[in-house]
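Here's a quick briefing to read with the model open beside you. Take it topic by topic and find each residue as you go.

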Amino acid sequence: MTDKPLVQLLRRLVHGESSAWEQLVREYSGLLCSMARRTLSGYGYEAAPQDAEDVVAEVWKNLLERDCRLIRQSLRRQNFLQMLHVLARNRSVDLIRKRRGDTMPLRENLVA
């Protein structure tokens with residue numbers, strides 16, 4: 001993460017600048033959506049348009065949790081973009097597991 005503007009943006013974000021958060025969301029939501037769609041289709045999941053958006057929302061939520069802990073870690077480790085990729089992939093898999101679990105047909109021969 002040697003991209004100086006990105007580092008500056010993340011530093012502004014952890015210092016509580018709301019404009020930094022808005023800029024981050026604006027600049028990286030498209031990338032996250034693309035990662036989510038690619039992951040979902042790579043697992044053979046027929047995603048509805050809102051599925052990728054749900055994944056992106058979960059990624060943003062993860063970044064805000066615990067006083068931006070993941071962002072602070074990525075600043076120290078210099079791996080923000082890699083971390084975004086991992087989060088997008090993991091949240092995509094979580095969504096697949098949840099949705100497949102929600103729609104599993106009941107077997108008629110189950111013993112009660």
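Helices here are DSSP runs of H or I with at least four residues, and strands are runs of E with at least two, both numbered from the N terminus. This is a predicted model, so local features need pLDDT of at least 70 and side-chain atom pairs count only at pLDDT 80 or more, while totals for chains, interfaces and linings use all residues. Residues are numbered from 1 along each chain as its sequence is written, and side-chain values use heavy atoms, with hydrogens and water left out.

**Helix 2, end to end**

- Helix 2 covers residues 18-42, and at 1.5 Å a residue its 25 residues should span 36 Å. The expected span is 1.5 Å times one less than the number of residues. Its end C-alpha atoms are 35 Å apart, which agrees.
- Look for a kink of about 45 degrees in helix 2, centred on Tyr28. The bend at a residue is the angle between axes fitted to the seven residues ending there and the seven starting there.
- Buried residues in helix 2 include Ala20, Leu24, Ser29, Leu32 and Ala36. Buried means under 20% relative accessible area, exposed means over 50%, and partly exposed is in between (1.4 Å probe, protein chains only).
- Just after helix 2 comes Gly44, with a positive phi of about 75 degrees.

**Aromatic pairs**

- The structure holds two aromatic pairs. Rings of Phe, Tyr and Trp (its six-membered ring) pair if their centres lie within 6.5 Å; planes under 30 degrees apart count as stacked, over 60 as edge-to-face and the rest as tilted.
- Trp21 and Trp60 have ring centres 5.5 Å apart and planes at 75 degrees, so they pair edge-to-face. Trp21 is in helix 2 and Trp60 in helix 3, so the pair ties together parts that are 39 residues apart in sequence. Both Trp21 and Trp60 are buried.
- Tyr28 and Phe80 also pair edge-to-face, at 6.2 Å centre to centre with 85 degrees between the planes. Since Tyr28 sits in helix 2 and Phe80 in helix 4 (residues 80-102), this pair ties together parts that are 52 residues apart in sequence. Tyr28 and Phe80 are both buried.

**Two buried polar residues**

- Asp51 lies in helix 3 (residues 49-77), and Asp51 is buried, with a relative accessible area of 2%.
- The side chains of Asp51 and Tyr45 are joined by a polar contact of 3.4 Å. A polar contact is a pair of N or O atoms within 3.5 Å; within protein, one must be able to donate a hydrogen and the other to accept it, and residues adjacent in sequence count only if both atoms are side-chain atoms.
- Leaving aside neighbours within four places in sequence, Asp51 is in contact (heavy atoms within 4.5 Å) with Leu40, Tyr45, Glu46, Leu95 and Arg99.
- Thr39, in helix 2, counts as buried at 13% relative accessibility. A polar atom of the Thr39 side chain lies 2.9 Å from the backbone oxygen of Met35.
- Again leaving aside neighbours within four places in sequence, Thr39 is in contact with Arg89, Ser92 and Val93.

- How many disulfides does a search of the whole structure find? The search finds zero, where a disulfide is a pair of cysteine sulfur atoms within 2.5 Å.
- Cys33 is buried at 15% relative accessible area, and Cys68 is buried at 10%.
- Most residues other than glycine have a negative phi. Cys68, in helix 3, has a positive phi near 60 degrees.
- Arg66, found in helix 3, has a positive phi near 50 degrees. Arg66 counts as exposed, at 63% relative accessibility.
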